[in-house]
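Good morning, and thank you for joining this group meeting. I would ask you to look at the sequence and the structure together while I speak.

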Amino acid sequence: MNKPIYLDNNATTAVAPEVFEAMRPYFCEKYGNPSSIHRFGGSVAADIEAARREVAALLGATYRDKDNCASEIIFTSCGTESDNSAIRAALAALPERKKIITTAVEHPAVLHCCEELTRQGYTVELIGVDGQGRLDMAALEKAVDENTAIVSAMWGNNETGTIFPVKEIAAAAHAKGALFHTDAVQAAGKVKIDVVDTDVDFLAISGHKLHAPKGVGALYIRRGIIFTPLICGGHQERNRRAGTENVASIIGLGEACRLARTQLDEEYNYLKNMRDAFERKIAAAIPRIRINGDLANRLPGTSSISFEGIEGESILMLLDVFGICASSGSACTTGSLEPSHVMRAMGIPYSAAHGTIRFSLSRYNRMEELDFTAEKLPAIIARLREISPFWEN
Ligand code: PLP
């Protein structure tokens with residue numbers, strides 16, 4: 001197969017060559033255990049601390065205490081673990097409070113964790129969004145009360161790219177003494193993040209969404225929070241996440257964060273310009289489409305487009321014939337193709353929600369690839385509409 005046109009970067013990204021090179025020595029040369037007393041292991045521990053400082057720097061966790069800021073970061077196995085750790089730690093920190101507030105459009109890493117917690121006696125309240133995926137702030141402010149332990153709201157949505165007003169949400173949580181967690185898995189490295197300015201208590205990121213490998217993530221835990229670990233065992237990560245460190249991947253995550261930080265503005269503009277040009281081309285060439293999300297405030301490389309009257313899966317299959325990789329807004333459940341919970345929460349009509357495709361870009365995409373995709377799409381959509389029982393002219 002020829003090199004694919006990979007437009008599914010919100011699912012996962014390629015490891016950056018610089019990241020791969022930074023990781024390389026940690027397999028066969030610097031393989032010491034960072035917990036060892038000897039210098040061979042100790043030097044690896046020092047390298048992990050350097051990676052931690054890079055993660056802290058990307059998240060703006062450097063302003064509070066320059067020397068020790070990195071102690072607010074722990075390494076985890078993925079974004080899902082970071083989300084679960086934050087939510088459960090908040091409940092342990094405020095044991096008398098039994099309510100969790102989150103949003104209807106969170107990733108399953110948050111939603112299913114909360115669902116599980118309802119079986120343990122917690123109440124979960126989901127805050128809705130409008131047709132553009134913008135959070136109902138009035139409902140959120142009304143919902144937070146003295147029984148709320150944690151508010152968890154994502155920074156940027158993985159399907160539509162819509163960015164939530166994290167600073168205001170944090171303020172609403174804190175006004176009632178609740179903690180605030182944000183899932184920044186899709187936002188980290190794409191938009192500026194400043195944990196001090198936004199006043200968040202926990203923030204989750206994942207390596208494989210920003211050109212580090214799969215199987216590594218990080219969690220920011222604001223200094224002073226009593227943190228109960230999700231995984232218990234050895235003393236790694238200052239007793240906050242047991243288990244021998246995934247050294248090479250941690251080094252990779254550090255390098256990925258450094259790269260993202262040093263080219264943040266440039267990459268933002270590059271992705272946004274490419275995405276916007278692509279959407280303009282599609283809108284000009286194909287009737288009855290809808291571009292989903294908060295068009296004024298989206299992650300730069302995410303484009304969610306609903307093509308009325310057809311099914312997303314068929315579009316994906318025909319795109320695949322040309323080597324184009326994207327993803328649909330549907331989750332295949334029990335044999336029926338249900339529109340995603342995000343599309344449903346936004347109230348996108350079924351006939352459009354079914355035909356939703358997410359194109360998600362990275363620094364490695366080129367405009368030619370998007371031009372090629374925009375060139376192929378009109379015929380694909382026309383052909384599918386011709387044979388679709390849902391399409392009415
Ligand atoms: N949160 C969001 C918003 C995501 O998009 C994802 C992955 O798609 C996750 C959490 C889970 O991250 P991981 O795959 O590292 O567990």
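How far does a polar side-chain atom of Gln-186 lie from an oxygen atom of the ligand? The distance is 2.8 Å. Please keep in mind that we are looking at a predicted model.

Let me continue with the ligand. For His-107, the corresponding distance between an N or O atom of the side chain and an oxygen atom of the ligand is 3.2 Å. On its own, the ligand has 390 Å² of accessible area, and the protein covers 89% of that area. There are 14 residues around the ligand. Those that come nearest are Gly-79, Thr-80, Asp-183, Ser-206 and Lys-209.

I turn now to the domains. The chain is divided into two parts: domain 1 comprises 5-12 + 264-387, and domain 2 comprises 17-259. Between their C-alpha centres there is a distance of 28 Å. The contact between them involves 29 residues of domain 1 and 31 residues of domain 2.

Next, the cysteines. How many disulfides does the structure hold? The number is zero. Consider Cys-113: the closest cysteine sulfur to its own belongs to Cys-114, at 5.4 Å, which is too far for a bond because a disulfide requires the sulfur atoms to be within 2.5 Å. Cys-113 counts as buried, because its relative accessibility is 4% and the limit is under 20%. Cys-257 is likewise buried, with a relative accessibility of 0%.

Where is Asp-136 placed? Asp-136 is found in the loop that runs between strand 4 (123-127) and helix 6 (137-143). Is Asp-136 buried or partly exposed? Asp-136 counts as partly exposed, because its relative accessibility is 36%. Its side chain reaches the backbone nitrogen of Ala-139 at 3.1 Å. If we set aside the neighbours within four places in sequence, Asp-136 is in contact with Ile-127, Gly-128 and Val-129. The C-alpha atom of Asp-136 also lies 9.3 Å from that of Thr-103, although 33 residues separate the two along the chain.

Thank you for your attention.

Terms used
Residues numbered from 1 in each chain as written. Predicted model: local features only at pLDDT ≥ 70, side-chain atom pairs only at ≥ 80, totals over all residues. Heavy atoms only, no water. Helix = DSSP H or I, 4+ residues; strand = E, 2+ residues; numbered from the N terminus. Buried < 20%, exposed > 50% of the residue type's maximum accessible area, 1.4 Å probe, protein only. Contact = heavy atoms within 4.5 Å. Polar contact = N/O pair within 3.5 Å; in protein donor to acceptor, adjacent residues only side chain to side chain. Near = heavy atom within 4 Å. Areas by Shrake-Rupley, 256 points an atom, 1.4 Å probe, with all protein chains shown as cover. Domains from an automatic or database assignment.
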